Amino acid sequence: MTLDHPATRPANPRFSSGPCAKPPTFALEKLADAPLGRSHRASVGKARLKDAIERTRALLGVPADYRIGIVPASDTGAVEMAMWSLLGARKATMVAWESFGAGWVTDAVKQLKIDAEVRAADYGDIVDPASIDWNTDVVFTWNGTTSGVRMPNGDAIPADREGLTICDATSAAFAQALPWEKLDVTTFSWQKVMGGEAAHGMLILSPRAVERLESYTPPWPLPKIFRLTKGGKLIEGIFSGETINTPSMLAVEDYLLALSWAEEIGGLPALMARANANAQAIWDFCAARDWIDNLAADPATRSNTSVCLKFTDPRIADGAAFAKAVQKRLEAEGVALDVGAYRDAPPGLRIWCGATVETADIEAMLPWLDWAFHAEIEAQARAA
Ligand SMILES: Cc1ncc(COP(=O)(O)O)c(C=O)c1O
């Protein structure tokens, strides 16, 4: 039997989990006003950086007394800067349910060597937030990009916690509601839900995090790139656009363009609705088939950005080879790029559903997934 190709193709086949698809209205020419070749400390550059901070605050609803800084090295830079600057003052709990969270565990245990309890869950599961001791400093990932498992909400985090919450929200920010009053440190990169460039990270600090920074000096050396205080005081300039080192003004302009798009379509509610509609289209597709399922075991923890899927058909002989072959077929047809599961994750597919992805493109891609699955089942039978 030869399987027919579906009649339509997605207009944009980019479903990568980072860098993610650019906003639908993106065009390179729209970056022409970037102040290139000028100092980032000149008023034109500083104004752009401040604008990026304040429009991020407005869009995400970050409280007025929280600091927002643009820092080096994308989300990794922001998370590690927070860990190196804040941890060690009290016991820590390192929580992981996928690869990136596991990376932060390694940082704390093997590099910083702090007193830390490690709480881990397998891919598809989550550590029960109610079982965590929030009087310790807790480092966790809001949305596990490589497992498609997210925090259902922040209800388990007590308002009167003694520890700090350090939250890697890079694949959640702009697509999922973040309870700011429960988060002391929040980080993300422009390259995820906003479809920006990866050069810089965003570091958001609560007043309690600032208090820790100003009252505690970690015992380990801090490279210049991580230093948030000087003489025991917060370097306020970092949070008004005076970056520690030189930023890419082209990347900044690109982020401002993405912010404009987000503002024009209706802000955070519209961004979240787009991600929800994208993910729902995939969930509906899976619910109607008995050969594919969400990797997230509990529907309350299913990600609406990094949707991770597993093949469940008993005819599949080699899960990893099968998933790879399906991904290759989709890529070769030019209908879904970069949808392979993360290298450390269980075999399957990961389809980015963040706000910059059009639901029509998800809907046009899914019949191809049907096609690629059946084509591969046939190929496997022929080879047997
Ligand atoms: C949860 C999480 N944390 C950290 C990172 C690393 O981000 P970056 O490469 O922007 O530093 C990623 C990238 O996908 C991620 O998904």
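Reply: The radius of gyration is taken over C-alpha atoms, and the globule rule is 2.2 Å times the number of residues to the power 0.38. With 384 residues, a compact globule would have a radius near 21 Å, and the protein has 21 Å, which agrees. This is a predicted model, in which local features need pLDDT of at least 70 and side-chain atom pairs count only at pLDDT 80 or more, while totals for chains, interfaces and linings use all residues. Residues are numbered from 1 along each chain as its sequence is written.

Me: Which residues touch the most other members of the largest nonpolar core?

Reply: A nonpolar core is a set of buried Ala, Val, Leu, Ile, Met, Phe, Trp, Tyr and Cys residues joined through C-beta atoms within 7 Å, where buried means 20 or more other C-beta atoms within 10 Å of a residue's own, the C-beta atoms being placed from the backbone. Here the largest such core has 110 residues, and Met83 and Val139 touch the most other members.

Me: Is Arg212 buried or exposed?

Reply: Arg212 is buried, because 20 other C-beta atoms lie within 10 Å. Arg212 lies in helix H4 (residues 207-215), and, leaving out residues up to four places away in sequence, touches Leu86, Ala89 and Leu164, a contact being two C-beta atoms, placed from the backbone, within 7 Å.

Note on methods. A residue is buried if 20 or more other C-beta atoms lie within 10 Å of its own, exposed if 12 or fewer, and partly exposed in between; C-beta atoms are placed from the backbone. Helices (H or I, at least four residues) and strands (E, at least two) are DSSP runs, numbered from the N terminus.
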